[in-house]
Structure formats: structure tokens, C-alpha cells
Amino acid sequence: MSSPDPQVHEPDDAENRPEHGDSAHGVRQPRNHAGPRRNSPVIAVTGAASGVGAALVRRLAASDEVKQVVAIDERRGDCAAAQWHVLDVRDPAIAEKLRGSDVVVHLALDLDLETDPAARTAYNVRGTQTVLTAAAAAGVHRVVLCTSAMVYGALPDNDLPLSEDSELRATAEATGVGDLLEIERLGRRAPRAHPGLNVTVVRPAVLVGGTDTALTRYFESPRLLVVAGSRPTWQFCHVEDLVSALEYAALEKVEGELAVGCEGWLEQDEVEELSGIRRMELPSAVALGAAARLHRIGLTPSPAGDLAYTMHPWVVSVSRLHAAGWRPRWTNEEVLAELLQEVAGRHTVAGRRLGRKDATAAGAAGATVALLGAAAVVRRARRRRGI
């Protein structure tokens, strides 16, 4: 339970790729080996032992603009340069661990598809409440929260792209989005409840780079499900770009509500051409009805609300980060290529991962047969339950 998207790991070749973030052209300037500057901040990171948190801790620890990194998680991570505190972010004792920090980046979230929804919400909301209150009590002047561009909602009348000030029109019908909306609400309230505390919110597009979400699983299917009459658009955000944007926010080079992602977007036809995966088009009532039934009886982890994000646009502008000099290192095409490499060999139908035997059958027979098989499972389950 330690990253804004579940099961996030650094890409295997991450250390072989040049870092970016300190110039408008994405090239990190040489380090000043004299050490941190006199007024450099102390930055605390929650969810610091893995995923995005671990990557951010390493980046901040290597920066000559940071005095000290305080790393907080339920286990110790591998960055020896950080000052580690092992505890649950819901523990009020975290206030003492944050004392002396200037900025807190809160990344201890659980958005795992397999987590019980009630437990997930309890962890995410209580953890954020505790961190915000503890930060204020410890004299921290800024908290950086990381949610998702999903909070804008995926709707047919959305602007392309959405401005960062656009109304948050999402509902709680998709995985984890209700938690993210509540986290955003807590972030808006915190400065009023705790004068002197500032909150910056970072909202990444579809996050890729060792992630496992309903949206990355979409590309594990033998066919790309397209709902008839919809207009899917795809904007990705590589984990490396998210980390560099979080660094900008932590160093207070930019503030407010920030969207982060690749430049522009891909239409569904472009995605199909680049991926080589053909579509399977279904009427809206059939697709949404099947998704709802499969989730209701526990066969798939994704609620029907997740489908909206593959149907309607929710592309975001990244103008505030651009104005501060930040640029994404990755393009949508490059991130999609990396995602396809990551999911190669995995097989998912309707959000449910298939075992090797099932995957072989699905690959041979195609998505239609796989969905018919899922429907048969639904019928058998309903008969057993007497529905």
C-alpha cells in the first residue's frame, strides 16, 4: 500500500535511461558536488519503500537542491541516503517523524484492483487525513498529494484537452476514484483548517511503468473492447515523468492543481494500429450490462464504471508544469510501446486475468469465444446461487 497506482515498479532499464526534469529540454543539469544549498528543503515522502515513492526518494536524495529526504513506509526501502521511519501513515506518531520537514509528498495509497474496496477506502482516506493533520502539527508548510486525472471524469462532452481548472465531474463508480475524490476534498479543506499549510495536487494520466490497473489491463485482452458510438482517446503518463513532476512540486517550482502526462493524445484507431490488436465492438447496453454482472458476482475486479475511461475522452492539459519549465520525456507512442512490452504474455478478459490454460484457449478462439465462456460462468454461478 505504497504508491498512487498499485504494484508500481521501476522499469528494468530505468537506470540506463537519462534522467530529466531540470531544464525545458528534459536534460538534468550536472550536480553540484559541493552538496545541498544553504536554504535547501527537507522533504518527506510517504509510501517511500516501493513504486513511485521509492523512485522519488532516490531522485530527491541525488539532488543538490534537497537538504535531506525523510522516507516513511511500513518497511524500510533501499535508499541508504534517506532518513527512514518505519510506521503506518495512519499512526498519529507520524507527526513527530515529520517535524523538521518543509514539504511532505504523500504517496502511501492503495489502489490495487484486488484489495477489498472498504479496506482500501479506509486506508486511503484515513491515511491522507492523518498525514495532513500531522504535517500541520509538525510545522510543514506544503503537502503534495498525488491522485489521478481520472477525477475529471470521462464524459462525451469533455473538452480536448481539459484545462487543469476544469470541474471534477467523476463519480465513485470506477476503481479507487471515490477515494481519490475524497483525497482531493481533504486537500482543499486542509489550508482552511490549518492556516499556513499549502496543498499541491498532482494528477497523472494513464500511468504506465510497472503498473497494474484496470486501464493497463485493457491492453492485455486478445481484442480491444470498443463500445459502439463512443470516442476513446488515450493519454499516457510514464512513471519517470510522474516522478520528475513530483520533484518539481516538492521543490515548489510549481504549485496548485497540476495535470501530468505526455503531450497530446492518441485516438483509438491510432492505438489499434500501433498495438496491432484489433477491436471488438459491442453495443453500450451489452458491454456495460456484462461488466456490471461480472463484477457483481465477483468474477472480475473492475466495476462497470471503469469502462467509461475507455469510452470517453479525459485528456488533460499540462500547462502549469509547462509554464514552470517541465517537459515530459516520453511520448504517448513510446509509453504505449513500453506498456505492450510489459503486458506481453498476460491475458485478460473483461478485467479478469486468465490462467495459462484459459489464456491459450482465448488466444486460439478469440475474444468472442472468451466472452461467451465468461457468460457461461456467470450463468453457472447464478444457478448455484439460485438467482
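Trp234 and Phe236 are both buried, which here means under 20% relative accessible area, with exposed over 50% and partly exposed in between (1.4 Å probe, protein chains only). Before going further: this is a predicted model, where local features need pLDDT of at least 70, side-chain atom pairs count only at pLDDT 80 or more, and totals for chains, interfaces and linings use all residues. Residues are numbered from 1 along each chain as its sequence is written, and side-chain values use heavy atoms, leaving out hydrogens and water.

Back to the rings. The structure has six aromatic pairs; rings of Phe, Tyr and Trp (its six-membered ring) pair if their centres lie within 6.5 Å, and planes under 30 degrees apart count as stacked, over 60 as edge-to-face and the rest as tilted. Trp234 and Phe236 have ring centres 6.1 Å apart and planes at 15 degrees, so they are stacked. Tyr309 and Trp314 go edge-to-face, at 5.2 Å centre to centre and 90 degrees between the planes, and both of them are buried.

Seven strands make an open, parallel sheet, running β3-β2-β1-β4-β5-β6-β11. Strands are DSSP runs (E, at least two residues), as are helices (H or I, at least four), numbered from the N terminus, and two strands pair if DSSP finds at least two bridges between them. β3 (83-86) and β11 (257-260) sit at the edges with a single partner strand each, so one side of each has no neighbour in the sheet. Further in, β5 (residues 142-146) and β6 (residues 198-204) pair in the parallel sense over five bridges, with Asn198 in β6 as the bridge partner of Arg142.
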